[in-house]
Amino acid sequence: MIIVKGRNGNLLKVDGFRLRVYEELNLLPVRMRLKAIEDAGWNTFLLKADDVFLDMLTDSGVNAMSDKQLAAMVSAQDAYAGSRTFYEFTKAVEDVLGMKYVIPVHQGRAAEHVISKVFVKEGYVVPMNYHFTTTKAHIELAGGRIIEIPVKEALDRRSRYSFKGDIDVVKLEEVLRSYKSRVAFVRIEALANLLGGQPVSMRNIREVRELCDKYGVPLVVDGSMIDWNVYFIKEREPGYSSKSLEEIVKEFVGYADILYISARKTSSARGGFIATNNRGYYEKIIVHIPVYEGFLTYGGMSIKEIAAIAVGLREAFKENLIGSELELIKYVTEELDRNGVPVVLPPGGLGVHLDALEFLPHLSRDKYPAGSLTAALYIASGIRAMERGTLSMDRDKDGKEVYPDLELVRIAFPRKTYLRSHADYVVDRVLWLYEHRDLIKGLKWVYEPPILRFFLGRLDDIGDWGESLVKVYESELGVY
Ligand code: F0G
């Protein structure tokens, strides 16, 4: 954002870019939206994108790209090995993030796969602020176990604590002391996705670094949304408001032994990478790249995407370019909060997060409140959000449901994609749904996959409530 003083003495935040490419959107009538979600097994992952009005499933691989990124894709040098574009990319990682060894992988979870393969063994633990779905899966597949130790404010959706992504350092020291050499590494996710897009403070990573040094354990940072994390440090953390985002990101990443990034998020292209300054770690990790990803100078990515990532990284921390979607998230979150809708506070990055347990207090958790609300929101608006609750967890070894701390519906705002009128539409339709929340009755399984079940699982609405929702919608709001 370009931040200037307004005529009333207020701060004006103005987007420091303009749009020159657009895509037409299609709003289906509500009855067709019901048909579409039924065909998709009440799972928004299985909807066709053509049936979606506002695609707010994720920020992954769907951020708007810059003119410079697109230009770089044209001049990228295709080569199986030794592409010039790859070296331009490693130079960008070094310039922006200060890390000299760069390992390309096809996306974030591929980084998690190889890091888990190298560091995690049977019986090992990985303490972290909070898990992400794919991270947990890879650590467990390698025989390890995650230990989540966020600060206590993180699980209270009403708390406006500025850095709900912070690790509880007292608990971290207890874990390091009791598990000793069975701690594979400490993991910090910045921003913390499943906590509602909440940031980690510089102070916290510094303290975690000290503990890692004291106990001789590597610190791994998942920086998939580090651009937004750094923005919040500048905005909220004492001592950082006059530092540039470039300086802040370098300091933050400088505390990590290993950094990995889903470049589908920060850097607005499609791919991923691992970066480190530790030659020993680099050599251990690269052994796995030709086996699982591809040759070391493309790692499963298209060279064109590598070119776009390089430019995207250089642009990600420019003050003028960052923050547009964060302002929309803030606006929608505050509007919903003002109207009594349960949302995760304070407004963070990534999206607006509805608390489905409070939104639908009449639904027990085995009826999947967040999944039900996500499907209902699609019917009531054509907005595709993502379930981030019980469905996003898998059952334990005995087949029992594992209920996560938070049962959320995430309405994502990809970078530079939506406008203020879209934000107003989100507010209007969520408020309408909140007024009619009693109509939502829950979901039951039709097909339940054994791992990461939320991606491919199919469900059905208990008691045909989708039909009643559509009838009330049509009588009050019409066909659209
Ligand atoms: N780590 C974090 C914090 C993420 O948010 C994601 C992906 C990954 C790792 C995995 O990266 O998708 O490139 O393999 N998050 C997406 C989301 C899918 O919608 O939040 P990936």
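## Surroundings of Ile 147

Leaving aside neighbours within four places in sequence, Ile 147 is in contact (heavy atoms within 4.5 Å) with Val 125, Val 126, Pro 127, Met 128, Val 175 and Tyr 179. The model is predicted: local features need pLDDT of at least 70 and side-chain atom pairs count only at pLDDT 80 or more, while totals for chains, interfaces and linings use all residues. Residues are numbered from 1 along each chain as its sequence is written, and side-chain values use heavy atoms, with hydrogens and water left out.

Ile 147 belongs to strand E6 (residues 145-148); helices (H or I, at least four residues) and strands (E, at least two) are DSSP runs, numbered from the N terminus. With a relative accessible area of 13%, Ile 147 is buried, where buried means under 20% relative accessible area, exposed over 50%, and partly exposed in between (1.4 Å probe, protein chains only). From Ile 147 to Asn 129 the C-alpha to C-alpha distance is 8.4 Å, at a separation of 18 residues in sequence.

## Overall fold

The chain contains 18 helices and 16 strands. Along the principal axes, the C-alpha atoms fill a box of roughly 65 × 60 × 50 Å.

Of the 480 residues, 59% count as buried. Among contacts between residues at least 6 apart in sequence, 72% join residues at least 24 apart.

## Surface and charge

## Aromatic pairs

The structure holds 17 aromatic pairs. Rings of Phe, Tyr and Trp (its six-membered ring) pair if their centres lie within 6.5 Å; planes under 30 degrees apart count as stacked, over 60 as edge-to-face and the rest as tilted. One of the pairs is formed by Phe 45 and Phe 455, edge-to-face, with 5.0 Å centre to centre and 75° between the planes. This pair links distant parts of the chain, 410 residues apart: Phe 45 is in the loop between helix H1 (30-39) and strand E3 (54-55), and Phe 455 is in helix H17 (residues 453-456).

Phe 45 counts as partly exposed at 21% relative accessibility, and Phe 455 is partly exposed at 22%. Phe 455 also forms a tilted pair with Phe 454, at 4.2 Å centre to centre and 35° between the planes. Phe 454 is buried, with a relative accessible area of 5%. Elsewhere, ring pairs link Phe 86, Tyr 87, Phe 89 and Phe 273 into a cluster.

## Backbone exceptions

Most residues other than glycine have a negative phi, and most peptide bonds are trans. The bond from Ala 190 to Leu 191 is cis, with omega near -5°; Leu 191 is in the loop between strand E7 (186-189) and helix H7 (202-215). The bond from Leu 345 to Pro 346 is also cis, with omega near -10°.

Ser 267 has a positive phi near 95° and is buried, with a relative accessible area of 3%. Leu 452 has a positive phi of about 45° and lies in the loop between strand E15 (443-447) and H17.
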